[in-house]
Amino acid sequence: MKSNEPKISFSDKNFTWQDGKNWFNQGIIFFKLVKNMWYVSCLVMGVLFLLLASVALPLVAVLVIFASPMVTAFIMNCCQAVRLGQPLQINMLWQDVFKQLNYFLLLGLFSALLSMVMQQVHVLLLSAYELPLEMTEEMAMNMSGAEALLRVLFNLITNLPVALALAFSPALILFKRAHPVNAIKFSVLAVLRSWKAFIALVLLIVLVFFGVLILASIVGSVVLMVMGSAGQLVANVLVLFFVFTVTGIGLCSQYQAFTELFADDEQEPESEDTEVYAEI
């Protein structure tokens, strides 16, 4: 795109299923070191969502679309600071993100447009197989196995392009100063180059996510039994806490994948890098 845009290149490594597991393990370690930054950011975003919802509920969806890439870039910037042995200063870390604000807003716009297109594709697929667009609880209970499989397949087909586009594009914009179009292109190519490792990483995150939901449900039930109806709020907060934790681990894992997938043209201080990885 721009002539002064830094060159983006892939590493020469051949990625396997084991790499996905390693990314996940590394993501847990990174998350332990940056978790406070993540929880504070989630809390601030939650307050903003509540304030916007009280004014105009549709604005919440708009904020999610445009803020998600920036929050992703922020948590990856935290991981980068830890990796380089730099202090975690929230104002400085966010400042790095805001320097690329125009690009992040463009990325949010592109992702919103892509989501809308994929949503229309989803509707067309359901209509082609004469499946109802809206589901009720009774319909879900009486759904056949074939219909359930089709719906899962359609969701995968229509959500995959958005996931591929956003997997590494925030990091590419932040660290490589890539234009959003280039960031999306290289994000998709990176996932395709490492598809085995990426599938392994996604499966691990999904397994942990459902495990956490089960644990959160059990804990929430205990809280409700002890506190009665007053414990509903506490139970909901616990569920959100567990969900945000798994999300944070997933983003930290994506950062580790980013560092291995893309060649680093900048020379990092060897002593700092060695020290951080020794700790990890």
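Contact here means heavy atoms within 4.5 Å. By that criterion, and leaving out residues up to four places away in sequence, Trp-23 touches Phe-15, Ser-194, Ala-197, Phe-198, Leu-201, Ser-253, Gln-256, Ala-257, Glu-260 and Leu-261.

The model is predicted, with local features needing pLDDT of at least 70 and side-chain atom pairs pLDDT 80 or more, while totals for chains, interfaces and linings use all residues. Residues are numbered from 1 along each chain as its sequence is written, and side-chain values use heavy atoms, without hydrogens and water.

The protein has 11 helices and zero strands (DSSP runs numbered from the N terminus: helices H or I of at least four residues, strands E of at least two). Of its 280 residues, 38% are buried (under 20% relative accessible area, 1.4 Å probe, protein chains only).

Trp-23 is also among the residues touching the most other members of the largest nonpolar core, which has 53 residues. Such a core is a set of buried Ala, Val, Leu, Ile, Met, Phe, Trp, Tyr and Cys residues joined through side-chain atoms within 4.5 Å. Helix α2 gives the largest share, 11 residues.

| Helix | Residues | Residues in the contact |
|---|---|---|
| α4 | 101-128 | Tyr-103, Leu-106, Leu-107, Phe-110 |
| α8 | 180-193 | Pro-180, Val-181, Ile-184 |

The axes of α4 and α8, lines fitted to C-alpha atoms over the stretch in contact, come within 9 Å and cross at roughly 60°.

Key. Axes fitted to C-alpha atoms, helices over the stretch in contact; angles between N-to-C directions. Buried < 20%, exposed > 50% of the residue type's maximum accessible area, 1.4 Å probe, protein only.
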